[in-house]
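Open the viewer and get ready to select residues. We will go stop by stop.

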Amino acid sequence: MSAKIPVTVITGFLGSGKTTTIRHLLQNNQGRRIAVLVNEFGEVGIDGELLRSCQVCDDEDVNNNIVELTNGCLCCTVQEEFFPTMQELLKRREKIDSILIETSGLALPKPLVQAFRWPEIKTSATVDGVVTVVDCEAVANGSLVGDIDALEAQRQADPNLDHETPIEELFEDQLACADLVLLTKVDSVDEATSNKVQNWLKEQLPKTVKIVPCIGGEINPDLLLGFNAAVEDNLDSRPSHHDTEEEHEHDDEVNSVNLILEQEFEPKELVEKLKGLVANYEIYRVKGFVAVPNKSMRLVLQGVGDRFDYFYDRLWQKDEIRETKLVLIGKFLQREKIQLELSNNFSN
């Protein structure tokens, strides 16, 4: 029997840069045959489509290399979709050198890793390592953990301090499971701020877990692959806030709104309108594809909080409908209300 297939889990909060990192890895795979399993939050498969469009998969059917799960967090659907998906991948083990799993930004990594203890998977695959992607700018401005200095002062005064929000607990669980922390968007802050974030992260992590700054997902594949950690065998050393819970339940208040619009938008104008929505609603993440007037290329738009960036990734295909697809992830979001507000803004 051949050796187990190494599996790298890429986790991190919404908008931290997981898809960008994986896309760069696929484009610089150094001859490795990599299968990617994408866990999408939302019905419109933005991340999976972005990865497919990188045009590096050598299979005759690109959909065989990238499998999207669209009905929620992996740790919740693992018995329904993850198992048969892994079975199909393992049937092709002779054609695969490694597997990458991108978790949803709202997923806990530990329940996913526990699935690799199942006898049907354990004999054929092992979790080589867990890479947690952290948005430096989001940590610095308090989007994930609040004010770093104030939070650290509180913890020094009271080591038993309760966690303030479920989001903070989720973020800490993602850190606790990491073999490596990839710190993205360091170019969005000054050096002093970057150093402050890195020093704070070091206090949250075991000394054996290193922090690697990264810009634009450009990281040497050798740093992300080959940990040989067999994570599923030492989960007790990776504590989670949810270890004592019989079942993991997500905050039902968090939902996604999927918009498919026939309208075409000028990028700067669309971003301003989306920033207005972010100011009025609890929106954590915006991502999608945009049809731009008089442009032959498709625009990729991504937003975290009120920070947005965009780029053109490829030409619209001849048999493709030119339409705008957006996914907004947040709390208590109402699709009809948001779509009406966005459309009205552009009809005036």
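Which residue forms a salt bridge with Arg 32? Select Asp 222: the closest N and O atoms of the pair are 2.7 Å apart. Arg 32 sits in the loop between α1 and β2, and Asp 222 is in helix α10, so the bridge ties together parts 190 residues apart in sequence. Arg 32 is partly exposed, at 23% relative accessibility. Asp 222 is also partly exposed, at 45%.

Now zoom out. This is a predicted model. The protein has 12 helices and 12 strands. Of its 348 residues, 52% count as buried. The structure holds 10 salt bridges.

Next, select Arg 307 and Asp 135. They form a salt bridge, with the closest N and O atoms 3.0 Å apart. Arg 307 lies in strand β11 and Asp 135 in strand β5, so this pair joins parts 172 residues apart in sequence. Both residues are buried.

Arg 298 is in strand β10, 15 residues away. Both Asp 313 and Arg 298 are buried.

Last stop: the largest pocket. It holds about 710 Å³ of space. Its lining has 39 residues; select Gly 17, Thr 20, Lys 185, Gln 302 and Asp 309, which lie nearest the centre. Then colour α1, which gives the largest share of the lining, 7 residues. By type, the lining residues are 8 nonpolar, 18 polar and 13 charged.

Terms used: Residues are numbered from 1 along each chain as its sequence is written. This is a predicted model: local features need pLDDT of at least 70, side-chain atom pairs count only at pLDDT 80 or more; totals for chains, interfaces and linings use all residues. Side-chain values use heavy atoms; hydrogens and water are left out. On a 1 Å grid over the protein atoms alone, a cavity is a set of points where a 1.4 Å probe fits but cannot get out, and a pocket is an open set with protein on both sides within 12 Å along at least five of seven lines; lining residues have an atom within 4 Å of a point. Grid points are joined across faces, edges and corners, and a volume is the space filled by probe spheres set on the points. Helices (H or I, at least four residues) and strands (E, at least two) are DSSP runs, numbered from the N terminus. Ala, Val, Leu, Ile, Met, Phe, Trp, Tyr, Cys and Pro count as nonpolar, Asp, Glu, Lys and Arg as charged, and the others, Gly among them, as polar. Buried means under 20% relative accessible area, exposed over 50%, partly exposed in between (1.4 Å probe, protein chains only). A salt bridge is a side-chain nitrogen of Lys or Arg within 4 Å of a carboxyl oxygen of Asp or Glu.
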